[in-house]
Amino acid sequence: MNKQYTKIDEWNIIEEGLHPDDNRIYESIMSIGNGHMGMRGNFEEDYSGDSLQGTYIAGVYYPDKTRVGWWKNGYPEYFAKVLNATNFIGIGVMIDDEVIDLAKTKVEDFKRILNMKHGYLLRTFTIVDSKGRKTKVEVKRFTSIKDLEVAAISYSITPLNHDASVTFTPYLDGDVSNEDSNYGEKFWLEVDKSVDKYEGHLTMKTKKLDFHVCTAMKYNVLQDNIELKGQIESIEKEKYVGNTITVTAKKGSTTTLYKYIAVTTNRDYPVNEIKNASIERVNYAYDKGFDKLFEEHSNAWEERWLESDIIIEGDPSAQQGIRFNIFQLNQTYTGHDPRLNIGPKGFTGEKYGGSTYWDTEAYCLNFYLSTREQNIARNLLIYRYNHLEKAKENARKLGMKGALYPMVTMNGEECHNEWEITFEEIHRNAAISYAIYNYVRYTDDKDYLAEYGFEVLVETSRYWADRVNYNPFKDKYMILGVTGPNEYENNVNNNWYTNTMAAWNLDYTLKVKEFLKNEYPDRYEELIDKLNLTDKETEKWQDIIDKMYYPYIESLDVFEQQDGYMDKEMKTVDDIPKDELPINQNWSWDRILRSCFIKQADVLQGLYFLNDRYDLETKKRNFDFYEPKTVHESSLSPCVYSIIAAEIGYEDKAYELYLRTARLDLDNYNNDTDDGLHITSMAGTWMSIVHGFGGMRIKNDTLSLSPFIPKAWARYSFKILFRGHLLKVITDKDQVRIVQEKGDTFTLKIYDEDYTLNENGEITVDIQHQQISLAVN
Ligand code: BGC
């Protein structure tokens, strides 16, 4: 049983009592954001205990000079860092002569609550000072999902047994740093600031790349709803502006400071306009007032939940887990800006620096495809289209043709610097092509292929065609020296997954070529010309497809993860002593590499992506062989195994694997929540339910569902948006009910049979279980 950090509640994440030793874990869990900005669950008032202060602005990063032990040609010059930006939540508080510092001040009844239904962070507690004076505090903050540049805080105090003199210090502090800075450097320079009574602004710019961020604040103080004019002093320091305001708070009366914040950047405005824009936005927020801003924000959250909620009955812990995942995904990426993407930590921490990994295409896309309007997923694809030239440069830098997308990026440039990943984990190229296929298959937006998709497919194909080598003795094409998704093997030859996806990429490109030739002839001519694509080149691609080499274990009839995998000593995870897990924290790297243990879905990733190609028996054989050897030390792993387990009828196993993803961060399962949340694997949790338990697939333009229900649940439901049809799928112990909430009559498959669903109609079908009966070993 894992330690329980928070209380089980279906809509709230609740910390009861202060936990100074685990504060970073709670700060990560309590993060809020709105796609434009976000911050960890840091405190407004002073806190001298352990804390990772983090406020992050989407798309604002720093190219921190690479630091490696042994430089290798081809390494990127820098590692992009998600940048800790101006701390705008700060409100110093002094009650009478005592400064409130929750690491030192005596605190009673402390609660930190993340409300997921309406998207805000609430803290309540009572301060007891050295003279026994008690003051109740309630702090609420949100980053508006209606007005993305706006955040607001209400900070209320109520002296319970005394009259108090209270001094608030609302401030903006740009003197912040990243803990993961490679050379201990600070990344921000001050550009401009101003401070007056009740307001201030601070413009900072990054030392490199010239990102300008302007933060403006405005505040007022109300007592029992009457505005107070206190005694005010302005403070101006380097990279800092603030006010102190002193007011008298009578026993039993509530005094509230409302702090409004606006954050604008030169990503959205010319540099010389960001200050005015910020001031205009903060005035707008101030004039609207906290309650109205909050009402609009919480209504927007309610609407978002209408589209994307998953309801689980009979298991409140699972309910809380899935809502936490959906909430964090919606906080991280809103799809409003095609220049943005989904960082593995979102706005919750510094780790993983760069923003975009293959995680987006392989995992996150599915969530946005099914829960948001089509344009959102399309923007994720266009992001990569816009980086195509950089991906071509990246391939050239490594002496290759075509385009090699980066493993980690902010702006299209590679910024990962471990040779086995930067140079070798090339399967990411196929994930980007696969996302195009996945998107078009789901939405039927074939225009995308003509407009953007084909160019990406051709350039990634060119890379593959150059990266393979022909082995005349075997009359086969090989891909040598790669790292597959399983990062516990480096520099292997013929990773089955990589070879399979490379050939698939080439094949899909040829199919799209034929399609465009027939359906979009003018655009086709234009593209062939632009890309200079010749028949000779595509004939070569066909030859590679026909003669790709796939390692295979004949005696077991399973795909071999890579050449030589079977030379290893075959063991299972059960053979590893418990105190040696996770192996990545306990074993030397060479020992990990020599072992048969698998970090994350590799062959299984291929079975999931190219699901239609393989029959159930094949999936079962491969699952039975690989699952016992998989340590799931990437958060991206259990969900894929869970989906395949569900498909082959291993319902209990599917649920067991699901549990490993669902509360990963809430229960600090991998002992690393303090760094930030695993945002991208949260999409995997959603996939485990919808693709796994719900069995959702798209086959030949048709939506297909095969739901079952885990034993621990009484009923669950999810919603999907598919080609204009908004469907609610409700599964209980005996039946599955599908309700069309929006959309006209259409045909779908349930347990592989055709059903017609009318406008506003519904269908009820008895649950069917997968009939194949091989035991889980
Ligand atoms: C995984 C990668 C993933 C990265 C970021 C690593 O641990 O092995 O597949 O892209 O984390 O989430």
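How are H10 and H13 oriented to each other? In this predicted model, helix H10 (residues 447-467) and helix H13 (residues 535-546) pack at an angle of about 60 degrees, with 11 Å between their axes, and H10 and H13 are therefore oblique to each other. The crossing of these two helices, H10 and H13, is left-handed. On the H10 side the meeting residues are Val458, Ser461, Arg462 and Ala465, and on the H13 side they are Glu537, Trp541 and Ile544. Sorted by class, the contact of H10 with H13 holds four nonpolar residues, one polar residue and two charged residues.

## Helix packing

Two packed helices are described by the angle between their axes and by the distance between those axes.

| Helix pair | Angle between axes | Distance between axes |
|---|---|---|
| H4 (residues 316-332) and H20 (residues 679-693) | about 130 degrees | 9 Å |
| H10 (residues 447-467) and H13 (residues 535-546) | about 60 degrees | 11 Å |
| H11 and H12 (residues 521-531) | about 130 degrees | 6 Å |

From H4, the residues Ile322, Phe324, Asn325, Ile326, Gln328, Leu329 and Thr332 meet Ile679, Met682, Ala683, Thr685, Trp686 and Ile689 of H20. The contact of H4 with H20 comprises, by class, nine nonpolar and four polar residues, and no charged residues.

Helices H11 and H12 also pack at an angle of about 130 degrees, with their axes 6 Å apart, and H11 and H12 are therefore oblique to each other. The contact is made on one side by Lys513, Leu516, Lys517, Asn518 and Glu519 of H11, and on the other by Pro521, Tyr524, Leu527 and Ile528 of H12. In terms of class, the residues in the contact of H11 with H12 are five nonpolar, one polar and three charged.

Asn518, which belongs to helix H11, counts as exposed at 54% relative accessibility. Asn518 and Lys530 are 12 residues apart along the chain, and their C-alpha atoms are separated by 18 Å.

## Backbone geometry in the loops

Most residues other than glycine have a negative phi, and most peptide bonds are trans.

The peptide bond from Leu581 to Pro582 is cis, with omega near -10 degrees. Pro582 is placed in the loop between strand S24 (558-559) and helix H14 (583-586).

Asn494, a residue other than glycine, has a positive phi, near 55 degrees. The loop that holds Asn494 runs between strand S22 (476-478) and helix H11 (496-519), and Asn494 is buried, with a relative accessible area of 0%.

Asn671 likewise has a positive phi in a residue other than glycine, with a value near 60 degrees. The place of Asn671 is in the loop between helix H19 (651-662) and H20. Is Asn671 buried or exposed? With a relative accessible area of 55%, Asn671 is exposed, because exposed means over 50% relative accessible area.

## Buried and exposed positions

Ser154 sits in strand S11 (residues 150-159) and is buried, with a relative accessible area of 9%. When its neighbours within four places in sequence are left aside, Ser154 is in contact with Glu138, Val139, Lys140, Thr256, Leu257, Tyr258 and Phe290.

A disulfide is a covalent bond between the sulfur atoms of two cysteines, and the structure holds zero disulfides.

Gly399 lies in the loop between helix H7 (388-397) and helix H8 (419-422), and this glycine, Gly399, is exposed, with a relative accessible area of 58%. How far apart are the C-alpha atoms of Gly399 and Asn225? Gly399 and Asn225 are 174 residues apart along the chain, and a distance of 68 Å separates their C-alpha atoms.

Key
Residues are numbered from 1 along each chain as its sequence is written. This is a predicted model: local features need pLDDT of at least 70, side-chain atom pairs count only at pLDDT 80 or more; totals for chains, interfaces and linings use all residues. Side-chain values use heavy atoms; hydrogens and water are left out. Axes are lines fitted to C-alpha atoms, for helices over the stretch in contact, and angles run from 0 to 180 degrees between N-to-C directions. Helices (H or I, at least four residues) and strands (E, at least two) are DSSP runs, numbered from the N terminus. Contact means heavy atoms within 4.5 Å. Ala, Val, Leu, Ile, Met, Phe, Trp, Tyr, Cys and Pro count as nonpolar, Asp, Glu, Lys and Arg as charged, and the others, Gly among them, as polar. A disulfide is a pair of cysteine sulfur atoms within 2.5 Å. Buried means under 20% relative accessible area, exposed over 50%, partly exposed in between (1.4 Å probe, protein chains only). Angles under 35 degrees count as roughly parallel, over 145 as roughly antiparallel, 65 to 115 as roughly perpendicular and the rest as oblique. A crossing is left-handed if the near helix is turned anticlockwise from the far one by less than a right angle, and right-handed if clockwise.
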